[in-house]
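Student: I am new to this structure. Please pick one part and take me through it closely.

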Amino acid sequence: MSNDAILKIKDKEYSLPMIVGSEGETAVDARKLRNQSGCITYDEGYGNTGSCQSDVTYIDGEQGILRYRGYPIDQLALDSDFVETAFLIIYGDLPTSEERAVFAKSLNENASVHARMLHLFEGYPRDAHPMAILSAMVNSLGCYDPHLATNDHKRDLENFSEAAAIAISKVRTIAAVSYRMSQGLPIIYPKIELPYCDNFLHMMFSDPYREYLATPEVSRALNLLLLLHADHEQNCSTSTVRMVASSGANLFASTAAGICALWGPLHGGANMAVIQMLESIHAEGDDGSRFIEAAKSGTGGKRLMGFGHRVYKNFDPRAKIIGKACEELLDSLGIEDPCLDIARHLESAALKDDYFIERKLYPNVDFYSGIVMRAIGIPLNMFTVMFAIGRMPGWIANWKEVASNPKGKIYRPRQIYTGPVKRDYVSMEKR
Ligand code: SDX
């Protein structure tokens, strides 16, 4: 008895093999369908289409499961940190203490940006969005280390570890430099002895005459935030990275494209939109009840930002973890943020509301992350930049999977044409 799927089109049957993943997920392998039947599959938004087989992250949306290389997110959140998780996602296993030390050293040694790159920042208007700057600067990293960005995957893979360290380390420095320049503040250079997150906060908030020292609670909260964003299988931005990588493009060009995709309000831009939503609810003296009714009716294009997810139809495990960390951080800092009270009210009201229950809409990773970032002092227009810093390891791991695939093909989806059928050219006089 064959395990193949049988597809009947008109009076013909086609046998299509099945693919089964390590967690038992199944897919109909449609790679030969068009050659056999002349038909393609159609799945706008790719909600039911697998673009690749990947070893990096596993999500079960119904069970609210998220695992990086098999390790459950709640265990990593409890016991790991961003640098260790980045190593796990990129290299496939938790590092030994020696491996971790070498990796952390490579990040510290690659923290500064090239002096000439600093001139590029000066060309931007002071109110330029930091995501526009980030994508341009990450793409430009290849210009200062052209041996890492040859667009020959075989050669680029020979220097992969150096390129990965540069991308992870410098994305953080670029973010801090763009913030300092937007504020007219002097650049604060990285300190080689500081751990990853503490170094970022130092570059953001220190002054020439007073060093910013992150408290253990703030450092822990930022590590957790970045760790929880580190990868998420084939989301919009990661699929973009794979799409660009599939043409043979280098790591910096591919991850820069991912930054552009992440910027959209339906994806990484949602964390900013959540805070803007909470602040407007607060400003209107609403406890959230009126807003929820508006979001349900769709009036004024209102959506409950930070709610809903293409994959999670039960709960986003990251939202639960961030929600708890948010309370702990604000308690440790003695911050009373009305947005947190409104967020809590929105969550409890929505979880009891048929509109959200029927559509399986629950808080996602963005619902509480903005409140944490605001408590740390990250400016609103940098919230999506923080998401990009966190997601860099996932983008790098996915770029590597594409670059390392000897049978890799360029990503080139098909389409169904719905435009005008054949017609002859009409001269100007006859139009
Ligand atoms: C991220 O893919 C990933 O993994 C992304 C991410 C990652 O780590 O990379 O998890 C990060 O991007 C999280 C999502 C952040 N975005 C938001 O919080 C924006 C608000 N949420 C939505 O716009 C929406 O839920 C999406 C974009 C997240 C998912 O959209 P889908 O799966 O395409 O669902 P849909 O837009 O087709 O909505 C289905 C129904 C619709 O109602 P009906 O037309 O059936 O009546 O649910 C409604 C929608 O109107 N709906 C919402 C809603 N989200 C969906 N109604 C009110 N508020 C919302 N937030």
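Tutor: Four bridges tie strand 5 to strand 6, residues 65-68, and the two run antiparallel. This is a predicted model.

Three strands make it up, in the order 5-6-7. The sheet is open, and its pairing is antiparallel. Strand 5 (57-60) and strand 7 (71-72) each have a single partner strand, so they stand at the edges, and one side of each is left without a neighbour in the sheet.

Next, the setting. The protein has 19 helices and seven strands. Its radius of gyration is 23 Å, close to the 22 Å that the globule rule gives for 431 residues, so the protein is as compact as a globular protein of that length. Along the principal axes, its C-alpha atoms fill a box of roughly 80 × 65 × 55 Å. Of the 431 residues, 49% are buried. Take the contacts with a separation of 6 or more: 70% of them join residues 24 or more positions apart.

Helix 19 covers residues 383-404, 22 residues in all. From first C-alpha to last it reaches 32 Å, close to the 32 Å expected at 1.5 Å a residue. There is a kink of about 45° at R391, shortly before the proline P393. Helix 19 is mostly covered, with 20 of its 22 residues buried.

Key. Residues are numbered from 1 along each chain as its sequence is written. This is a predicted model: local features need pLDDT of at least 70, side-chain atom pairs count only at pLDDT 80 or more; totals for chains, interfaces and linings use all residues. Side-chain values use heavy atoms; hydrogens and water are left out. Two strands pair if DSSP finds at least two bridges between them. The expected span of a helix is 1.5 Å times one less than its number of residues. The bend at a residue is the angle between axes fitted to the seven residues ending there and the seven starting there. Buried means under 20% relative accessible area, exposed over 50%, partly exposed in between (1.4 Å probe, protein chains only). The radius of gyration is taken over C-alpha atoms; the globule rule is 2.2 Å times the number of residues to the power 0.38. Contact means heavy atoms within 4.5 Å.
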